[in-house]
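Morning, everyone. Please have the sequence and the model open while I talk. I'll start with the whole chain and then go into the details.

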Amino acid sequence: MPRVSQDHLDARRRQILDGSRVCFARYGYEGATVRRLEEATGLSRGAIFHHFRDKESLFLALAEDDAVRMADVVAEQGLVQVMRDLLAGNSEHPADWLGTRLEVSRRLRTDPEFRGRWAERSQQLTEATRDRLEWQRKAGNLRDDVDVSVLTAFLELVLEGLVSHLAMGLPGDDLGPVLDLVEETVRRHRPGART
């Protein structure tokens, strides 16, 4: 039997994640049946579950993949940029990312086992945000009268509020100035600067 290359396995895993992202966003966790996952990925049940133990492991891998992508943006440009990208539709899968994020939020509220498994993964985004804020503070760009952990929690709450806002179908095209205000709130105000 011919040996499958790592590149082929990685491409197949990416195909499964991309197709599953669309399926979970469209149907939710419960509605993403194995048949629908097969249709969305273009692969058989055996191919899907060769790479992922079960549907929950697939969903966690997808959510983790999104968290890694977000953490990369945060490390380079900050959490407010993640929010700007979400509003502008600039992320690779903006609507599907939103769907995944909503499913994560819902399952965190209703599924204690999922909450436990997700806790270790969600820490990555928090750490990336905190590291970025620490870097900004050392560069003299971040206000120094509020602890970085408080600013991190503030930005994460704004993100969750934005996700909820968009999930309700409310318009986001006028929220750029709101994100400007959020960004200004965490910046260091220099003496003599206009307010």
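**The chain as a whole**

Of the 195 residues in the protein chain, 38% are buried. Buried means under 20% relative accessible area; exposed means over 50%, and partly exposed is in between, with a 1.4 Å probe and protein chains only. A word on the source: this is a predicted model, where local features need pLDDT of at least 70 and side-chain atom pairs count only at pLDDT 80 or more, while totals for chains, interfaces and linings use all residues. Residues are numbered from 1 along each chain as its sequence is written, and side-chain values use heavy atoms, with hydrogens and water left out.

How many helices and strands does the protein chain have? The count is nine helices and zero strands. Both are DSSP runs, numbered from the N terminus: helices are H or I, at least four residues, and strands are E, at least two. So, by that definition, you read α-α-α-α-α-α-α-α-α along the sequence. Along the principal axes, the C-alpha atoms fill a box of roughly 70 × 35 × 30 Å.

Next, contacts, which means heavy atoms within 4.5 Å. Take those in the protein chain between residues at least 6 apart in sequence: 71% of them join residues at least 24 apart.

UniProt, in an unreviewed entry, lists "domain: HTH tetR-type" at residues 10–70. That stretch is 87% helix and 0% strand, with its end C-alpha atoms 20 Å apart. The "DNA-binding region" feature, also from an unreviewed UniProt entry, covers residues 33–52. Here the span is 75% helix and 0% strand, and the end C-alpha atoms lie 15 Å apart. A caution: UniProt positions are given in the numbering used here, feature names are shortened, and annotations may be inferred rather than shown by experiment.

Look at helix α1, residues 6–31, and helix α2, residues 34–41. Their axes come within 8 Å and cross at roughly 145 degrees. Axes are lines fitted to C-alpha atoms, for helices over the stretch in contact, and angles run from 0 to 180 degrees between N-to-C directions. Which residues meet? From α1 come Q15, I16, G19, S20, C23, F24, Y27 and G31; from α2 come R36, L37, A40 and T41. By class, this contact has six nonpolar, five polar and one charged residues. Ala, Val, Leu, Ile, Met, Phe, Trp, Tyr, Cys and Pro count as nonpolar; Asp, Glu, Lys and Arg as charged; the others, Gly among them, as polar.

Now find D65, in helix α4. Is D65 buried or exposed? D65 counts as buried because its relative accessibility is 14%. Setting aside neighbours within four places in sequence, D65 contacts R14, L17 and R21.

**The cores**

A nonpolar core is a set of buried Ala, Val, Leu, Ile, Met, Phe, Trp, Tyr and Cys residues joined through side-chain atoms within 4.5 Å. The largest one has 24 residues, and L79, M83, L155 and L159 touch the most other members. At least two residues each come from α4 (55–77), α5 (79–88), α7 (112–138), α8 (148–167) and α9 (176–186). The largest share, seven residues, is from α8. Take M83: beyond four places in sequence, M83 touches L155, V158, L159, L162 and L179. Another core, of 21 residues, lies apart from it, with C23, A47, V104 and W118 among its members.

L166 is in helix α8. Past its neighbours within four places, L166 contacts L86, L87, L98 and G172. L166 and L87 are 79 residues apart along the chain, yet their C-alpha atoms are separated by 8.7 Å.

L175 sits in the loop between α8 and α9. L175 is buried, because its relative accessible area is 15%. Not counting residues up to four places away, L175 touches L87, L162 and H165.
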